[in-house]
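Hi everyone, thanks for coming. Have a look at it first.

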Amino acid sequence: MATATKERIYSVLAEFGSAGELLHAAEKVRDAGYKKFDCHSPFPIHGMDRAMGLKRSKVGYIAGICGLCGGAFAMWLQGWTSTVDYPLVISGKPLFSWQAYIIVTFGLTILGAALGAVIGMLVLNRLPQWFHGNFYSESFKRFSDDAFFMSIEADDPKFDVDRVSEFLKSLGGRTVEVVKGA
Amino acid sequence: MELKDKEYWRSLEQLAGTDEFRHYLEREFPKGTVELAGNSWSRRSFLTTMGASLALAGLTSCRRPVEKIVPYVTRPEEIDPGVPNYYATTMPLGLSAYGVIVTTHEGRPTFIQGNPLHPSSKGAVSPIVQASLLDLYDPDRSRSVLHHGKETAWDDFVAWWKEQYDRYKQSGGEGLAVLSESFNSPTLSRLKRRFHETFPKAQWVAWEPVSDENIYKGIELATGRVLQPVYDFSRAQVILALDCDFLGTESEAIANTVGFTEARRVRSRSDAMNRLYVVEPSMTVTGMMADHRVAVDRGRVGSLLLALARVVTARGVPIEFARGVNRPNTELASDFVQVLSGDLGMHRGECLVVAGRAQPPAVHAMACAMNAALGNVGRAVTYHDIASLVLSSDTDLAALAANVEKNAVQTLIIAGGNPVFSAPRDMSLSTLLEAVNDTVHLSSHVDETSLSCSWHLPRAHYLESWGDAQSWNGANSVVQPVITPLMEGRGDVELYALLAGGEEVSAHDAVRETAQPLLGRAGFESKWRAGLHDGIMPGSGPAAVVPGLSMGELDLADADGLILSFDCSKHFDGRFANNGWLQELPDPVTKLAWGNAALISPKLAEEYDLENEDMVELDIDGRTLEIPAWISPGQADSSISVALGYGRAAAGRVGNGVGFNAYKLRTSDNMWFATGVKLRKLGPKYSLACTQDHGSMEGRPIVRENTLAGYKEKAEFYPREIEHPPPVSLWDEHKYDKGYQWGMAIDLNACTGCNACVVACQAENNIPIVGKEQVCNGREMHWMRIDRYYAGDIHDPRVLVQPMNCQHCEMAPCEQVCPVAATSHDPEGLNVMVYNRCIGTRYCSNNCPYKVRRFNFFNYMNELPELIKMAQNPEVTVRFRGVMEKCTYCIQRISLAKIKAKNEGRTVTDGEIRTACQAACPAQAIVFGNIGDANSRVSQLRQNDRRYRVLEELNTRPRTIYLAKLRNPNPALVKDTDAKAEGGHG
Amino acid sequence: MSVAETTEHAPGYESPLITGEQTFGSISRKIGEITERKTTMTWLLAFGAAGSLALVLLGSIGYLFYEGTGIWGLNVPVAWGWAIVNFVFWVGIGHAGTLISAVLFLFRQRWRTSINRFAESMTLFAVICALVFPGIHVGRVWLVYWIFPLPNQMGMWPNFRSPLLWDVFAVSIYFTCSLMFWYVGLIPDLATLRDRAVTKVRKFVLGLFSFGWRGGNRQWKNYELAYLILAGISTPLVLSVHSVVSTDFATSIIPGWHTTIFPPYFVAGAIFSGFAMVMTLAVISRKLLGLQDFITLNHLEKMNKIMLVTGMMVGYAYSCEFFIAWYSGSIYESFAFINRAFGPYAWAYWIMVTCNVLVPQVFWIKRWRRSIAVMFVASILINVGMWFERFVIVVSLARDFLPSSWDYYKPTFWDVSTLVGSFGLFFTLFLLFARFVPMIAMSEVKGVLPEADPHHGGKP
């Protein structure tokens, strides 16, 4: 949403002292009805999903489906090539020696599931995403080191710079920063 | 390697010094090659370098002969691309002549098989006959006339000879001498007579290093006439072979094998079988077939025979005794002698006593006397007068040498042969030749003799020249060329005609001239054509005579001490040393390829603390030879054997420096064996290329056998088959019930292990020669190999042989492991190998229980000289580097027959397809055919109660089955170890 | 879901997982610095040495392609030689990584966090070395792609019954999964480096590879599940890979190969050799890079215990083979094993037994289990032994059914140079990794600090 002003606000960023503080803050923010907010930490914090009121990840389903497809494709490929497309008598064995095909089938199932899980994860996380507003904040860099941030984003329906800043301060945010950028 | 090179230089040094020699050396060995000889790639790189330079020569000389020759099939002469023509011709070898049928593709001879009409080949071949094809394409054959090493033309020689001719005609041939090989060609004899008419005073000597002279001498001793014994083994129930490898290296081995196996073939339990007693110094093909074998060194065979004769006489078969020194050796194998004499006595008229060419005349005289007394003459043996033939004579050679010594010879013409290499060393021929003003040498290669002669004349290969042969077993045949000389060679007939007549004559005309009286004026042309077509001319050889005995003085004293015996090698006398097929062919007994060794018994090895490949020095009064030792079970303890014909210095790039030259120890007084040999162990080892490291079956039922008696009781064979659950598959097996179903049966009772099939397979299927280094690495490429196992006591072993090629398993382990399906089954049950799909994982070879698959570790084919490529069979793909290959049951022959049958709207008849190995086999041990057809011979054999499958318990279902071996020991001599054949010792 | 969850119940909780009063910051600093500081002389020397060995491999392969497989000591019957030995050897080594990442992760072995990163990396490099060999050992290398099911003008397909083909699939799939596993684990750490970066280039490159990771919990949520799934499916995979490799031998007909015990036995061996290799590398790198606080003696001791166990599994397999050989009553089997222990290759067999069965026994003693010197030597000996195990198995070919075809296999110079070269390749890759990639999974280590627990410090 382009505006006339050359600088625009992306989010309000508040730093918290520890994983615990961030967790509690998250619960409050969730109760306050904010939707577009996130908690940035150097490592996953246990219980945060509940605190933020997030639903279970869908990666599992994607992986499962991809895995099944992989396996089905493998069995079909082996069966079709050795019975229909180019049948050959090998060691007097039946053309469709399914026992021998299990291993490749298993392999491709695994491969499908793995690709599904990784690609699914990236897609759901909208990665790679080399630009994000928060990167305008110098201090935000420390999320990957030892800092814990709460960011409420500008395109949240209930967003209002001052109210949000106040709110985050009240939650015990050590510093509260309004993230602006071109 | 160093050792080999040292050997090789020393033998050259004998010739060194003269300018000619240096000149030749440069000519023979291009720059850089001497260095190459040092490194392990020498032979291969050599061929590479040659390949290019020969390309042109090879291609341009592929022409058809000008004279009219008649194809075996009724096609017109013109070449029909893709369709082979077959010509009958004859391969002369010493006094033998083998009728052969040559397959030619677009004018290139590509395969040789025996002529069924010819009594010496009876449709089969020997390794030498089969391999002689490769000599035709030998790029090392000399390419032009040489005068003092300078290339000249035949015309120059002819001009030179004309002068000599006129000169000697005046002097009646004073100072003119000819040294030829022995021959049985009517034309050559005719020309020789003419020569004598022209030059009454000239001397003509025939000599060969390996000849049957002892046999003629012996029979002359006994009968006073020069006679050739001709054996019909099919008529002998009991055979005694005295140092006589009649199935292997003796003359007429092919015919002998055919007859012998005929009398030995057992079709059902009711059949009888002949019995073979062998007395020999070292294990031979014949010894491997023996029912009873005694290892006796060459010097004691005579006295054993004498002892036998005494016992036989005592048993009421009076044998005319030899006068003179005769000390029977009664200690030697007395029980053997007792039993044998009984057996002979019981089979009067249907037994045979044969002695080998290496035995002194006295032994042959005794053998002759025994055959006469036992009433075998006219039955299993007939005698033919061969006084008219030109026989090899050691004494004549000595006389010639003497003449040369007293400068009585100004011009010496050496027509064939290689005396400088092979003549007895006490004559030191090479130095003698320098005393002669003019020496002329006719020879296929610039060999040792050529190097010390002033003239060298290139000799044409028998497939390039006209000639004829009258073999004493009754065959008149014509040698007809199947290709014009690839190099400027000329045949013996041309040379002899020139010598005798002083002008050039067409060999074709000369041969026809000889045939004139034989065939008669009337209808000569048609008879001539018929003769060429069949390979057999009307008329027979010398008639059989029944000689009276008049024993001369014999010396049958025991020789004592350590005895060295000279054996005839797979290169005959060394003339085939440049033949890659023969060099790579493993010896039937020792399985040594690319070289010879001093064979010693395990006991002797212990005595002198020798292992295989230890270099030893053999010393016979001053003459020494350094040679690696090889332990050969079955060797007589007091005997060392060395094969002749190795250690050539000027054989060509293949044969040079391969093995060790035993001729260096051979003198005129010990042509075949020398007593009082000093054996000394030297430091180093010398690597020998052996294709089979392990000689024991480890008690496994691989080659299974039983005695005839045991078999008649119960069809049971040893080692017993491994107990295993009924072979059931976890899946529904593929059904092979439609159309042709190919299969093979190999009768181990017939197979002698002669190796003919191995060479035939190599020739038919373009199997590369890989050279010594590769064979040492275990990379020989033979699709068909002959496995040799020892059983019983290591000091008196039984030997079992087994041809082993792809078994075409119906449930082939090789197929399921190939990741790219490069080997699979065709509907006719063949295990097919798809070369152009193979990526070379070699997994199939690993998973083959029979290890019959062969891998192209290098690009062997590329390194083949163009000329040799001409020998290849266009029906068979050549394989590239990195590709697996194996026996295909000669699938190209199968297709050919199927196409032919289809065109004629019929099915392939039984026996119409003969695989190359089957076609070559003189023992008819191999049968191939359609197992789908219950009446085919192979199907019948698959019903035979001797049949078994190798490694049956693996449930691979081989299409090749074997018929168990039988032995027919004399019950009186049966030892427990023989009765139950077990794995035994290696 | 995260490792933190199990803090209270985790085994080995009593002893701190990492030492030296580490904070989140100190972790990122200590680990990050390794990749940021100036290239050291030791590294350059090591890299030079490893690199030149890798060139030896390149040269050997070049000559191999030029001349053909004949330059090796191969023959018939022994048509497989060191190439396959090395292949199996490297694949085996390549097992520890995924095992540590996946299996130990599922078993909540929190101590794995200190070693999983370079165990995984080592896996990748080992598998790369392994994959070299099936590629180059075939006779016609330029056609090696025919083993893949690609439509082609011949209309032909690979033979899916061939264990060799199973290999191709199993190993390449294993490599792909391990690579993804490794990279997914790397993303947060790359982000850390990105945010620590000062130079433009580092900012750009690291930014590129960290995919713009923001460590938001909405990302962590999917990330952790994906990681868990990878771990879940990699576990059967890692167990299957060497089982499949073992079928190259087990499904054949050759005595000494045709053995049903191979799959579990190979897997145990693989873990065994894998841990040995991790140990060797760990001991070196923690010394050189001063990671003693992160890879503590406790970690090493735990690995030694695993080696002791797997070593004994392998030993059991050896004895079991002999029992079955006798019990089966097959003369070929029993001969093959008697021949193995007393035949021409007995020397190799006894080297194998000594290194794989006897050497690990030293780890019964706690003092030795915790002695760097002992474990370093032992780990190297174990890998020697494991190489010989594969050698012993492959050369069973030398004496199979028909004694007539028995032969002896001798390696040539080129066999040796190829093996040595493969080590060069391995260490080259490992050194590059140690220089440019965080050796230890920072985010995971942070996750196992007590402070990482939201209820840390008695908060409600």
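So, which residue of chain B forms a salt bridge with Asp400(C)? That's Lys851(B), and the closest N and O atoms are 2.9 Å apart. By salt bridge I mean a side-chain nitrogen of Lys or Arg within 4 Å of a carboxyl oxygen of Asp or Glu. Between chain C and chain B, the count is one salt bridge.

Quick housekeeping: this is a predicted model, where local features need pLDDT of at least 70 and side-chain atom pairs count only at pLDDT 80 or more, while totals for chains, interfaces and linings use all residues. Residues are numbered from 1 along each chain as its sequence is written, chains are lettered from A in the order in which they are written, and side-chain values use heavy atoms, leaving out hydrogens and water.

Staying with C and B: 57 residues from chain C meet 57 residues from chain B, where contact means heavy atoms within 4.5 Å. Together they bury about 4500 Å², with 57% of that from carbon and sulfur atoms. Buried area is the accessible area (1.4 Å probe) that two parts lose on being put together, summed over both. Val76(C), Arg140(C) and Leu402(C) supply 15% of what chain C buries there, more than any other three residues.

Now for B and A. Here 14 residues of chain B touch seven residues of chain A, and the two chains bury about 880 Å². Trp731(B), His734(B) and Gln816(B) supply 47% of chain B's buried area against chain A. And salt bridges?
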